[in-house]
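Load the model in your viewer and keep the selection tool at hand.

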Amino acid sequence: MAVMNIREAINQTLHDAMERDPSVILLGEDVAGGAGTAGGQEAIGGIWGTSTGLIGKFGPERVIDTPISESAIIGAAAGAALAGMRPVAELMFADFIGVCGDQLINQIAKFRYMFGGKARCPVVVRLIYGAGMNSAAQHSQAFYNLLTAIPGLKVVLPTTPADAKGLMNEALHGDDPVMFFEHKALYGKKGEVPEGLHRVPFGHARMAREGGDVTIVALGRMVSFAEKVADKLAEEGIGCDVIDPRTTSPLDEEAILDSVEQTGRLVVVDESPPRCSVATDITALVAQKAFSSLDAPPECVTAPHTPIPFAPELERAYVPGPPAIEAAVRRTLDWG
Amino acid sequence: MQYSQDGLLRAYRRMATIRQFEERLHEEIAKGEIPGFTHLYAGQEAAAVGVCEHLDNDDMIVSTHRGHGHCIAKGCDVKAMMKEIYGRRDGLCKGRGGSMHIADTSIGMLGANGIVGAGAPQAVGAAIAARAEGKGKVAIAFSGDGACNQGTTFEAMNMAAVISVPAIFVFENNHYSEHTGDKYAVATDRDIASRAKAFGMEVWRANGCDFYDTFETMAELLDHVRGSGKPAAIELDTERFYGHFEGDPQRYRAKGEVDRLREERDALKIFRAHEATDEMLDLAQLDAIDEEVTALIDAAVDEAREAEKCDPSQIEEDVYAAY
């Protein structure tokens, strides 16, 4: 297996998909970059490096640099999908769902159902998200919670290069709209990536650690923090199950419930703010379906109920980190 | 322009179908049989038909909340549409969409839309697909004088011009966005076409109550778009005979306005007057079509009334292809 980082895994998967399937197109701001400039085509190559090399290989009719028009990007992806294509649309920052919300939540999420099951809208929206780059309140948010709440959308959060490839391939093979959240702080994360048409089915969690004493469900970037805590506590003889759901819609409820039934303790780690979040959703799930298994109140380790601040020390305080996770795990063990 | 007798009869049949469909809905809604919001298209028939008579199933349209006319003009099954509007399980969209969300992607009708201005970007995407297919097909966004003020419409026009795709922006100016006049809401002195021109597109204007004018102008526009692959726009001056929605008291209308419009701006009357002098068609042929359409609409309403209602146990079907 080749070793690469998440950025490279996504780039390679897009190359392969566009090679394999002529209906796959990419559109977004600066996905090639440099159009209409002295530097010329692909002066940028995509600001995240995930679309590097695509325009040279597939040309500007399939790798479409758009004006800064998020509603038109997502709307055009929707229309192209209804017309039979498989568009991959990039929102350079997930925060921009505030600009194109209608096309996401009222349009592509609804077509299939509203049109009686006949319309097909296999759009993949790549949303680059997350704090950690001091990019403040409008360029850092972990908005998967908002879109997880919308019936008709699927929501994917890859945390390893292998999953980035496998989940992207799965998105490109299904007929549903997929919100593909890429954490900007994870792009450089390396790992082994299977060759060929590797696919990871949605709704199947990854068990990142098995320990048996406490269940930690972690989302996105939080998975690696949870792993760090699990490894540290393992040295003390405390065993943590670390569950990476990989997709929040559909959610692998069974994996979470099975683990909690064994451990009796739940910690959910979520980079979003605390209200109406995936963390509260998972906590409610466990309270409803595994109540009698619980030996301690569930813990949610989340960002505070604030916009994301700019100053480095404030942003560090915003993002849930290993110490907060460790403290929460210990609280569940010390309870009662 | 050369017309065929068959073509004209088909156009008249579609316009008459739209008119009778909407007139009948107006009556049935008043009886309280039809749930929800309904926005009637009567008065604008020449616009939808004058545009869509140039299209085949591979050409695509996106429509508006006032979409029944576009659906019929594009060839949607009229009885299935009626069942949909009645909310029946074998309606065109299984009773899940209703009046504002009728679609049939198999014939290039990509959907009516409840959000004003949402369709224009989608037509740009459909035009990307048309370009990729390389068969000279086009994608059309119908928008009103309301949607022409939405940012999405502006974004879509700019993007279509920038990436150069065969998207066509058809602006049906019926002079009212909901209950507000175009004189107030369209700052460019009620001129929508000039906005499209400002995005670098070729634009046309036509009388959207006159089938011949709309059809012939669209022929020129389509020659340009199919030949160049570039976007274009047309503004159609048209009228709506009913309110924004059924139940709208229309206090914003001038006294006698609708009577005057029905006298002077009725697309069916204009068509008949044209044929009375043109002699391509015999008016008796049009009378016969009217009768056939009446029978069709009667049957559509009867069947919709009798049709099986939706089954709540199926509420969760079709949210996803697979979940």
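Select helix α7 of chain A, residues 161-173. Helix α7 lies across β2 (24-28), β4 (86-91), β5, β6 (154-156) and β7 of chain A, where a contact means C-beta atoms, placed from the backbone, within 7 Å. Helix α7 runs at about 160° to β7(A); axes are lines fitted to C-alpha atoms, for helices over the stretch in contact, and angles run from 0 to 180 degrees between N-to-C directions.

The model is predicted: local features need pLDDT of at least 70 and side-chain atom pairs 80 or more, while totals for chains, interfaces and linings use all residues. Residues are numbered from 1 along each chain as its sequence is written, with chains lettered from A and ligands numbered from 1 in the order written.

Next, select β5 (residues 124-129) and β7 (residues 178-183) of chain A, which run parallel and are joined by six bridges. Strands pair if DSSP finds at least two bridges between them. Helices (H or I, at least four residues) and strands (E, at least two) are DSSP runs, numbered from the N terminus. Show A:Ile128: opposite stands A:Glu182 in β7(A).

Now widen the selection to the open sheet of seven strands, β3-β2-β4-β5-β7-β6-β12 (chain A), with mixed pairing. At its edges are β3 (63-65) and β12 (247-249) of chain A, each pairing on one side only. Neighbouring strands are turned by 20° against each other on average, direction ignored.

Finally, select chain A, with twelve helices and 14 strands. The C-alpha atoms fill a box of roughly 65 × 45 × 40 Å along the principal axes.

How values were computed:
Two residues are in contact if their C-beta atoms, placed from the backbone, lie within 7 Å.
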